[in-house]
Amino acid sequence: MAGRAARLVLLAGAAALASGSQGDREPVYRDCVLKCEEQNCSGGALKHFRSRQPIYMSLAGWTCRDDCKYECMWVTVGLYLQEGHKVPQFHGKWPFSRFLFFQEPASAVASFLNGLASLVMLCRYRTFVPVSSPMYHTCVAFAWVSLNAWFWSTVFHTRDTDLTEKMDYFCASTVILHSIYLCCVRTVGLQHPAVLSAFRALLLLMLTAHVSYLSLIRFDYGYNLVANVAIGLVNVVWWLAWCLWNQRRLPHVRKCVVVVLLLQGLSLLELLDFPPLFWVLDAHAIWHISTIPVHVLFFSFLEDDSLYLLKESEAKFKQD
């Protein structure tokens, strides 16, 4: 839900710095990369590199130049630490110790676990909630949208490229918009289908325009940040207002209130920007880990609410 907006705030900030952080501006880093590429990334040396590179690295898209940047990053970090300086960032990111082909192992594993939690709860939802429930298809669609977003988050943290970065951003935005759509269905759409259809068309238009602008015109990190914070706030306020309005009549909405408040509180972890512990665990990875139980709680709310709506619609049908 809103936690994805908080995540986009940090990603946008990091990406804005990606073209030049302290570490990659260092002459020792640039000279190291240049020398490494000259020695290893052309002619016979390149063939030798490719012959000894593990197949999983080549399949993940790790090139000779990428390896040079990785090795030179640690050379630079070592010099900084030797001289008593703080650890610098490189291309907008802290230095992470690569594991196999995982560029950011902790965040990649945590993203995978978030996706797994969503999948488990989707299976549970489909098991316990009949298809006849008014919210069934909307909730299932939201689960698949979330799964897709966590898939691309896992891919992005495994291998950061222009494509994986954009897919991570776009899928995160889609989750927030779909959460707003989910809220609209629950609060307005069940009683006013025409309003829901118009709102759905508006959200699709917004998503199409957003992705088209960032893909075809200019990938503007500042605009992306403002857009996602704005829709994230709408998402939070709408869900929270509906929950507080109905908490006495619908006790299960307290789960939704807890989810919204937890996501807002946990998003503060994104403000704790520190070098990775053991070169693996940074604030972003901790945030990813902390959101796993939140997804379980939100899907539990959706399950309770869908069963309530089913019971309500069956009661009305019997009266008619």
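## Contacts along the chain

Let's start with who touches whom: of the contacts in the chain with a separation of 6 or more, 75% involve residues 24 or more positions apart. (A contact means heavy atoms within 4.5 Å.)

Before going on, note that this is a predicted model, where local features need pLDDT of at least 70, side-chain atom pairs count only at pLDDT 80 or more, and totals for chains, interfaces and linings use all residues. Residues are numbered from 1 along each chain as its sequence is written, and side-chain values use heavy atoms, with hydrogens and water left out.

## The overall build

What is the secondary structure of the chain? It comes to 14 helices and zero strands. Here, helices (H or I, at least four residues) and strands (E, at least two) are DSSP runs, numbered from the N terminus.

The C-alpha trace spans about 80 × 40 × 35 Å along its principal axes. Of the 320 residues in the chain, 47% are buried; buried means under 20% relative accessible area, exposed means over 50%, and partly exposed lies in between (1.4 Å probe, protein chains only). The chain also exposes about 16200 Å², with 67% of that supplied by carbon and sulfur atoms. Accessible areas like this one come from the Shrake-Rupley method with a 1.4 Å probe, and for residues, only the protein chains shown count as cover.

The chain splits into domain 1 (22-95) and domain 2 (105-318), with bounds that come from an automatic or database domain assignment. Twelve residues from domain 1 and nine residues from domain 2 take part in the contact. Taken over C-alpha atoms, the domain centres are 37 Å apart.

Between them, domain 1 and domain 2 bury about 830 Å², and 60% of it is on carbon and sulfur atoms. Buried area is the accessible area (1.4 Å probe) that two parts lose on being put together, summed over both. The rule also finds two salt bridges across this interface; a salt bridge is a side-chain nitrogen of Lys or Arg within 4 Å of a carboxyl oxygen of Asp or Glu.

Which residues make the nonpolar surface patch of about 630 Å²? They are Val109, Phe112, Leu113, Leu116, Leu119, Val120 and Trp144. Patches are made of residues with over 30% relative accessible area and no salt bridge, joining like charges within 9 Å and nonpolar side chains (Val, Leu, Ile, Met, Phe, Trp, Tyr) within 5 Å.

Helix α7 (residues 105-128) gives the largest share of the patch, six residues. Phe112 sits in helix α7, and Phe112 counts as partly exposed because its relative accessibility is 49%.
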